[in-house]
Amino acid sequence: MRKLAKFTIVAALAAGLTSAAAHAEDPFIIVQSTTSTENSGLFKHILPIFKAKTGIDVRVVAVGTGQAIKNAENGDGDVLLVHAKKSEEEFVAKGGGVKRFDVMYNDFVIVGPKSDPAKVARSKDAAASLKAIADAKAPFASRGDDSGTHKAELKLWKDAGVDVKAAGGDWYRSTGSGMGATLNTASGMGAYALTDRATWISFKNKGDLTIAVEGDPKLFNQYGVILVNPEKHKHVKVKEGQQFIDWLLGAEGQNAIRSFTIDGQQLFFPNAGQENMKKAG
Amino acid sequence: MSESGSIFSLALGLVLSGDAELWSIIALSLRVSLTAVALACLIGLPLGAFLAVVRFPGRGAAVALLNAFMGLPPVVVGLFVYLMLSRSGPLGVFGLLYTPAAMIVAQTILVTPLIAALARQSLADLHGEYDELFRSLGLSTGATIAALIWDGRYSLSTAALAGFGRAIAEVGAVIIVGGNIEHVTRVMTTTIALETSKGNLALAMALGLILIALALGVNAAVLALNRTARRLAYA
């Protein structure tokens, strides 16, 4: 019995650790990215195409943009693919990344309960709608997690001239969690929320929520891709990482992004190499 | 009420469908948590036995600390292991972050205090019974610890099961150090968190049922093993 127990423990440890090591032998890169790209299913659609061509396994860590950038700064990833242009440019300027490229865009929408207590339905003016929500003191669920969506939301509140900090805990509810979790919260308490369209379309627990505001150019959501700086972090897989970026920005990657649809709707719009950003929508 | 029924049939359907992805996620969950518990037993049982047997100044404080660490928040352990294993951290050169090995490390840290504290408690009682016998035999501290662990193995299996329960159920640590990477570090709990965030509440709940069934299975297996061993020992 004692021998058996010993053997079992040793075998379990050996199995646990060796198979952990075996995984590390395949060529792979780690991409720090956002929940919107992962949760919407985009990566599930495009990564197998890339893997079939290059044999490179892309391992996606999907967190909020703030955390993704922080992880990339620490060198815990080879490529960064997020959506907060200003933060991305700061990241490159500080030497964390090599160069930033536009990859694709989608847009944000403001969703809210069908009863529409703030009377903003079918508005195309995001800032004015937020002002109306604030004036009506209608509940609003915010990411509150320093993600790209949260940053975009704060900018819109600023444009609307509303101090949401003062309203925290009242009608303004900061969930401090991911997009899906925030939508679950909004759905549960009949609140408005800002969400990227991709997550919204693939989200299954809409409940009473519906799109209230869309089509404002301010709701444009640009994604950028950056190779983590190998001069700062020597272990960065430059060759494979660059290969992934080149593929994403090239015709094949851009077509792969374009061909991703849910219920016949295209969710991301490739725009690599285009100087002038198109309007969203 | 009909919703809970549909969740149950969804869970059953998932298991019966033999979905390869689900099974690989279940296998990884078991591998990570069982390895972590085995490591935690290797460290925690002798540690608990040592604290039960040996008197030294500061022992009370050590026991109190150990008991407090039973409640280590998983997310804090995850953050700590992340900072250690991050490429910018002291152990970054090994490249262990975002691998199952990192998850095993985090869960080992999480459950070792629990196993050690429970072991100390049950072995202290046992030691009280055997103390005089051990003394008359002139056993060394090491031999006493080994004898106690061997003698108390059945009650210690409960400590190991408690550790397993904590490991298999936690999400806070593994999602930080594993990164919830598909096919690589995605386990049951991180899948449930992900499906919840996608709004797939029924699927998330169905996966939760499977996780509970899994824990039940492991507990039943250990219980059966214990019984067989006991029967053989006293036969």
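## About the model

This is a predicted model: local features need pLDDT of at least 70, side-chain atom pairs count only at pLDDT 80 or more, and totals for chains, interfaces and linings use all residues. Residues are numbered from 1 along each chain as its sequence is written, while chains are lettered from A and ligands numbered from 1 in the order in which they are written.

## Where the chains meet

Chain A gives 31 residues to the contact, and chain B gives 26 residues. Two residues are in contact if their C-beta atoms, placed from the backbone, lie within 7 Å.

On the chain A side, the elements that give two or more residues are helix H1 (2–23), helix H2 (35–39), strand E2 (57–62) and helix H9 (179–189). Helices (H or I, at least four residues) and strands (E, at least two) are DSSP runs, numbered from the N terminus. H1(A) supplies the largest share, 8 residues.

## Helix H4 of chain A

Helix H4 of chain A covers residues 65–73. Its buried residues include A:Thr65, A:Ile69 and A:Glu73. A residue is buried if 20 or more other C-beta atoms, placed from the backbone, lie within 10 Å of its own.

The buried residues of H4(A) pack against several elements of chain A, among them strand E1 (28–33), helix H7 (148–160) and strand E9 (220–228). Just after H4(A), A:Gly75 takes a positive phi of about 85 degrees.

## Chain B

Chain B has 10 helices and 0 strands. Its C-alpha trace spans about 65 × 50 × 30 Å along its principal axes. Of its 235 residues, 43% count as buried.

Terms used
A residue is buried if 20 or more other C-beta atoms lie within 10 Å of its own, exposed if 12 or fewer, and partly exposed in between; C-beta atoms are placed from the backbone.
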